[in-house]
Amino acid sequence: MRTFSRYRTATRMITAIGVVTLVAACSGNGGTGGGTTAATGAGYPEQNITIVVPFSAGGPTDTVTRLIATPMAAKLGGKIVVQNVEGAGGTVGAGEVSRADPDGYTVLMHHIGMSTAPALYQNLGYKPVESFETIGLVTEVPMTIVARKDFEPKTLQELVTYVKANSGKVTLANAGIGAASHLCGLLFQSASGVKLQEVPYEGTGPALTDLVGGQVDFMCDQTTNTSGQITAGEVKAYAVTTPERVKSLPDLPTTTEGGLPDLKVSVWHGLYAPKGTPKEVVQKLSEALQAALTDQKVIDQMAKLGTAPVPAADATPQAHLTKLQEQLGTWAKVIADAGVKAS
């Protein structure tokens, strides 16, 4: 069994990035947690709302969060602060939100990692269902399989053949244990029946930079992070990991078309509040999310990133909870079969 350190770096990075301006001013002193105003449906919000992103600024989850923050804030009539609290595959930020006051002023944006963390981390400190109120799903981002542009295989099937013949030499980059790129990489290895030399990084940014620079061979990452490089010809793209092709990358075949029908994964994102947040407040947040997902600017920007808002029926607490519970079971088996654990 491979064991990875929970903290690859000795420092924990917490970066607050800007306040998203709203159409209406709000009272109160704001901040993360420790709200002084009791959250009830009638007066909410009466101070700043903080959305915690448990990953670095500029990454895919951060990008999605900032797209919806402004229209959500406009619907709520308050202010939203986006705060990056990164570390340990998103578990540091998620843990902080789970311990925040359940007053509606501290919210978490997390991706598929919320459903994989319990299987990866032995001492997680929170439970996805028991520690949070689900607010609604936001988007499901396709993954792409990309390689350095001078990598020998030309198609996905050629890639599978090549890695089987050179498994000890081929390097598969990822953004660290539990990251979406790591999980997609596990599925690639499972679907192709090969074990590869994995190279973990401190985020998708550095991994993709080294891929473009030719320091690693290939990786699996979200369209929100790879579309630009694919379009610019900076990387070689093999496939998208969804049943249908992506509109922004129409020439990129699906994994099923490429001969790997078992490799299907998308990175779903959702909003969470600490357990015990009043139902009226959760409902207001969910309605603001639903409004944001119908905003034409959000739709257009997501399309450029190779994704789209979820249907309105999925941007609800119950649909989100159902998805979370289903994914917890799915990934528990995948991760157990791969024999991966994070300490």
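Tutor: Strand S6 gives the most residues to the lining of the second largest pocket, namely 3. This is a predicted model, where local features need pLDDT of at least 70 and side-chain atom pairs 80 or more, while totals for chains, interfaces and linings use all residues. Numbering runs from 1 along each chain as its sequence is written, and side-chain values use heavy atoms, without hydrogens and water.

Student: What is the idea behind finding a pocket?

Tutor: Rolling a probe the size of a water molecule over the atoms shows where empty space is left. A pocket is an open set of points on a 1 Å grid over the protein atoms alone, where a 1.4 Å probe fits, with protein on both sides within 12 Å along at least five of seven lines; lining residues have an atom within 4 Å of a point. Here, the second largest pocket holds about 470 Å³ of space.

Student: Which residues lie nearest the centre of the second largest pocket?

Tutor: Of its 19 lining residues, those are Pro142, Arg245, Gly306, Thr307 and Ala308. The elements giving two or more residues to this lining are strand S6 (132-148) and helix H9 (296-304).

Student: How does S6 run relative to S11, parallel or antiparallel?

Tutor: S6 and S11 run antiparallel, joined by 9 bridges. Pro142 stands opposite Ser266 in S11. Strand S5 (residues 106-110) also runs antiparallel to S11, with 3 bridges, and Leu108 has Tyr272 of S11 as its bridge partner.

Student: Is S11 mostly covered or exposed?

Tutor: Strand S11 (residues 266-274) is mostly covered, with 9 of its 9 residues buried (under 20% relative accessible area, 1.4 Å probe, protein chains only).

Methods
Grid points are joined across faces, edges and corners, and a volume is the space filled by probe spheres set on the points. Helices (H or I, at least four residues) and strands (E, at least two) are DSSP runs, numbered from the N terminus. Buried means under 20% relative accessible area, exposed over 50%, partly exposed in between (1.4 Å probe, protein chains only). Two strands pair if DSSP finds at least two bridges between them.
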